[in-house]
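Please look through the model below before reading my notes. They are numbered so that you can check each against the structure.

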Amino acid sequence: MNYSRSKGFGMTLFIVLLLTPIYWLLNMSFKTNQEILGGLTLWPQNFTLANYAVIFSDSSWYSGYINSMIYVSMNMTITLLVALPAAYAFSRYKFVGDKHLFFWLLSNRMAPPAVFLLPFFQLYSSVGLFDTHIAVALAHCLFNVPLAVWILEGFMSGVPREYDEMAYIDGYSFPKFFVKIFLPMIRSGIGVAAFFAFMFSWVELLLARTLTSVDAQPIGAIMTRTVGASGIDWGVLAAAGVLTIIPGVLVVWFVRNHIAKGFALGRV
Amino acid sequence: MNKVPNNRAWWLVLPVFILVAFSALIPLMTVVNYSVQDIFGPGNAYYVGTEWFREVLADERLRESLLRQFLFSGAVLAIQIPLGIGVALMMPKSGIKASLCLILLAIPLLIPWNVVGTIWQIFGRGDIGLFGWGLNALGLDYNYTGDTVDAWLTVLLMDVWHWTPLVALLCYSGLRAIPEAFYQAAEIDRASKWAVFRYIQLPRLKSVLVIAVLLRFMDSFMIYTEPFVLTGGGPGSSTTFLSQTLTTMAIGQFDIGRAAAFSLIYFLIVLLVSWVFFTAITHLDKEK
């Protein structure tokens, strides 16, 4: 089947529709508030970077991005460290309660965060972790770890057992085999799992907002302050929004060839 | 793959077990504990048995929000799954165009959920948003903050915009896994396009579609941030979904016992539906 014209047209149309709301946000972020409220303009008439200057010159603004980055990277590290051995166990061995454990893990991915809101708040307060980055990172493990185990298990099952056995015959110890031979073989899977950990930790706000107050506040919570006494500061709000989109676009570039397989949880 | 029975594998799973036990089991037990007590303050709680559960099940407001939630999740699945398949079929098969499409499609998925709400809040406004302004210019009376139907359509449209790419990406990866020989055979048989889709592509998409339906059901059933930012649950309570009702009850009104009982029922519904899908997935895995 050749790639036909009508398909290309349909695809272009869908992509354009998909990007229009984002363009509108970008467009607004370069306008002054007078222009935004003054009338509808399809592109900035008086191009300005003032909205971005507000964010980059005020530490209470840009620290939100830093906080989000910190807990997202912590979450990615923890997730991968615990999920790799577990996924290996699930893909290679049968053990008592393995199926139940696997479903129990997944059930946490299904748990609505709203259910855990209050207990989380109390749990982290009682162990003195409230308003720290690690608290948010740990809370996000609730849904990221099960997902990472699921994805990695899919990728690992694609590597034949014979590799493991060959390595033992060649005299490799288990840790040496795991790090030197096995991990490089599933590196695309690791990339995809890391990408998903990044994605779901980056986009989540409900838990992140509840578990922080000042020191570890995510950018999403700081954005609400654009609502002032004099109404909403649309320009700054749009600029802050645009800045939250950029990290995701950068990250997706690195996993573009594996992203589809990752979304299928390594199961295609 | 043949798995070797080995109970020492538990050691490899132990870190995950401890971590998830800390971040899921303890909180869940706390919720169970709250759900059977009436709490007036620290050290001042009474055991009330299943009273909260009975009250929650009889609560009109919760029933309404549950019904709304099912309607919303149903609508989400009914629109996004066919649309996602359609988009996946339209995507280029390889080369730079395919990579570009993949990246552009993934963008909405990587936007923080509150920003998704903000984008549509702006985009849909009649005075400063292209979408709202455009509809008004066409002579339609559109106002998502005032009109129930408009609010619903906007929330639905936002979710379609946000998550259809996920379904499309899943189906795309499913389509790529079909060997070229299948299409060649179909060409020799002079199979129509519809026949190719119905008898070659659709059966092969089954396993990714189950995952897509599962993910979309779970996530649409927990939706909170996007409609909260967009409509705040209004007008009235017409777009207040389960998570928002629960959050208002637990944090806003601090009605802990009732909120805990409600949480457990909520969780059980999600778990039940997801279990059905999960069984289907493992079943399909075995068939391969």
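Predicted model: local features only at pLDDT ≥ 70, side-chain atom pairs only at ≥ 80, totals over all residues.

1. Residues are numbered from 1 along each chain as its sequence is written, while chains are lettered from A and ligands numbered from 1 in the order in which they are written.

2. Chain B has 12 helices and three strands; these are DSSP runs numbered from the N terminus, helices being H or I of at least four residues and strands E of at least two. The C-alpha trace of chain B spans about 75 × 70 × 30 Å along its principal axes.

3. Of the 288 residues in chain B, 40% are buried. Buried means 20 or more other C-beta atoms within 10 Å of the residue's own, exposed means 12 or fewer, and partly exposed is in between, with C-beta atoms placed from the backbone.

4. An unreviewed UniProt entry lists "transmembrane region" for several spans of chain B, including 102-123 and 207-225; such annotations may be inferred rather than shown by experiment, and their positions follow the numbering used here, with feature names shortened. Residues 102-123 of chain B are 73% helix and 0% strand, with end C-alpha atoms 24 Å apart. For residues 207-225 of chain B, the values are 84% helix, 0% strand and 30 Å.

5. B:V196 sits in helix 9 (residues 193-221) of chain B. Why is B:V196 partly exposed? B:V196 counts as such because it has 17 C-beta neighbours inside 10 Å.
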